[in-house]
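This report describes one protein chain for a reader who is new to structural models. Please keep the sequence and the structure in view while reading.

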Amino acid sequence: MLHFTENHRFCVNREFSLSSLDYKMLAIMYQPMIGGLAISLYQALYLQMSAEKVGYSPLEQQRKLFLLLELEQGERGRKYLIEQSSKLEAIGLLQTTRKFLPGEEDYVFVYTLFPPLGPNEFFRNQHLTLLLRDKVGKFMLLSLREELLSPEPEECCDASEENLSVPFYDLFRLNTQVVDYELEQALYEASASKQGDARMDVTTKGFQYADIIMRFPRGASNRVFVEALKHKTDQMAAINIVAKKYNLSLQETCRLLDEDGAFTEEGELQMDLMQYNANLFYRQSKKRDEERERTLSRSEEKSQGDANEDMLDTSGDKSVEMAYYLEVPQQLRGECTDHQYNYIMRNEPYTAVLKMFFTQGSIPDGVLNIFEKIDLNYKLNEEVINVLIHFLHIDRRSWAKSSIEAVASDMLGKQIVTYEQAVEYVREKISYKQKAASKVEAAKAGGGSVTRGRQGKTQKPHIPIVVPDAGTSAASRLTDEELEAARRMAQKLDERFNRKS
């Protein structure tokens, strides 16, 4: 209680001003739910600053609140103030934060106020509606709803509508050629500290030049190149494409633009380098998120303990149809039947299935890590993972990370989510492999060669040379007259050739 006393200072932050409708909502809707003293605290905090202004109020001691609400200054009054502020926080009218000032070695409390919901939003909020019903009753609730909501005229309910509103740039023209750096800096200093670094809404538009220049450091070496982006819409479009592709925030985009070599000496954006750096950042962030997710999952499972094992039953176990039975591998033939093996593949966790195949010792850490990633990050169903393990064993595939990830990625890409789909996938792969092997055997039996060279191209088949037998050779010999005629023809050709030369 000594960290929250009437001697501690506080300030109020609000970005709205209450209207007459807001006051009515507080009086007839919120006050029955949380009580009059909590609403009094809300109004006391609201009046710490003029109704015509928004922002932060000056720092004051919390003793002022105790006096305004006529609370006892001591432990009892502090508990009462905490109770009333908790009611306001629970229904969304207040948010309390505590800041530590190192220079004074003390805490300062910031009370952030939020406006009450309008009638439409209030009745769409199920929690608030049910709470008010419990406080005032169903019929009173319906009466308040009729009092606050005015329905649309019946004649207009079924009529077709057309939006005739004029867009901003159809009516106004802004001078975008003049860059006012002082104005941009002033606006940034006023708003950047309050606004979170929200991710870009990829469904609408990307980052604007003003968003980047306000976030970019003034003393950075690439500042002059970033300022030139105002008139380079093609480069702004390229930046937004990279930011959308790799889900970059505004701060991360500015950080990549500030990297050495992001721009050439002429000020042109190095798109390939930016995309390379963005990909590295994306992969690193993805790896950290996956590791964090796996760590949290392990801690949750550990917190549950082993006490739940006694409470488990087999009422939720799934059966396997005979049409989707997997054949028991040769290694496990003597240990379980077909029915037992398929029951295990359908219902047991993948860690238990891995132990069936790694019998000589413990399961390697690399194998456990990749299957943990497939389970927790890729969200592949447990029964599908078991079929994947079965396929790796019977297909005699490598248990390396790349081999396991290749099969898992193929299953994810083909949207395999059930045991039956996984079995069909395995059968299709085995059938394809058998057909390929039968084609090779058939080619070898026919005398052809299907060996492939280093470049992956099929080599030409060996063509046998036909050697003539003795009878054919004797019959094809020339007579003496034919040889003499051939010699004379050759002499004539030689004489004609010598004459031309």
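## Basis and confidence

The model is predicted, so local features need a pLDDT of at least 70 and side-chain atom pairs count only at pLDDT 80 or more, whereas totals for chains, interfaces and linings use all residues. Residues are numbered from 1 along each chain as its sequence is written, and side-chain values use heavy atoms, with hydrogens and water left out.

The score pLDDT is the predictor's confidence in each residue, from 0 to 100. Its average over the protein chain is 80, and 81% of the residues score at least 70. Among the elements of the protein chain, the highest mean pLDDT, 94, belongs to helix α2 (residues 36-46), and the lowest, 48, to helix α22 (residues 470-475).

For residues 194-204, where pLDDT stays under 50, the model has 18 contacts beyond four places in sequence; a contact means heavy atoms within 4.5 Å. For residues 306-315, where pLDDT also stays under 50, the model has 1 contact beyond four places in sequence.

## Overall fold

The protein chain contains 23 helices and 5 strands. These elements are DSSP runs numbered from the N terminus: helices are H or I runs of at least four residues, and strands are E runs of at least two.

Of the 501 residues, 30% count as buried. Buried means under 20% relative accessible area, exposed means over 50%, and partly exposed lies in between, with a 1.4 Å probe and protein chains only. The protein chain exposes about 34,100 Å², of which carbon and sulfur atoms supply 51%. Accessible areas come from the Shrake-Rupley method with a 1.4 Å probe, and for residues only the protein chains shown count as cover.

Among contacts between residues at least 6 apart in sequence, 66% join residues at least 24 apart.

How many of the 13 residues of α19 are buried? The number is 10, so α19 is largely enclosed by the rest of the structure. Among them are Glu 383, Asn 386, His 390 and Phe 391. The buried residues of α19 pack against α16, α17 (350-357), α18 (365-376), α20 (401-413) and α21 (419-445).

The length of α19 can also be checked.

Asp 395 is found in the loop between α19 and α20. With a relative accessibility of 11%, Asp 395 counts as buried. Leaving aside residues up to four places away in sequence, Asp 395 touches Ile 430 and Lys 433. Just after α19, Arg 396 takes a positive phi of about 55 degrees.

Strand β4 (residues 94-101) and strand β5 (residues 106-113) pair in the antiparallel sense over 8 bridges. Two strands pair if DSSP finds at least two bridges between them. Thr 97 has Val 110 in β5 as its bridge partner. The two strands, β4 and β5, form a hairpin with 4 residues between them, and Glu 105 in the turn has a positive phi of about 55 degrees. In a regular strand the side chains alternate between the two faces of the sheet.

## Salt bridges

A salt bridge is a side-chain nitrogen of Lys or Arg within 4 Å of a carboxyl oxygen of Asp or Glu. By this rule the count is 15.

| Salt bridge | Closest N and O atoms |
|---|---|
| Glu 75 and Lys 79 | 3.5 Å apart |
| Arg 346 and Glu 383 | 3.1 Å apart |
| Glu 484 and Arg 488 | 4.0 Å apart |

The pair of Arg 346 and Glu 383 forms a salt bridge. This pair links distant parts of the chain, with Arg 346 in helix α16 (residues 338-347) and Glu 383 in helix α19 (residues 382-394), 37 residues apart. Both Arg 346 and Glu 383 are buried.

Glu 75 and Lys 79 both lie in helix α4 (residues 75-90), 4 residues apart, about one turn of the helix. Glu 75 is partly exposed at 46% relative accessible area, and Lys 79 is partly exposed at 47%.

Glu 484 and Arg 488 both lie in helix α23 (residues 480-500), again 4 residues apart, about one turn of the helix. Glu 484 is partly exposed at 37% relative accessibility, and Arg 488 is partly exposed at 45%. Elsewhere, salt bridges that share partners join Arg 346, Glu 383 and Glu 420 into one network.
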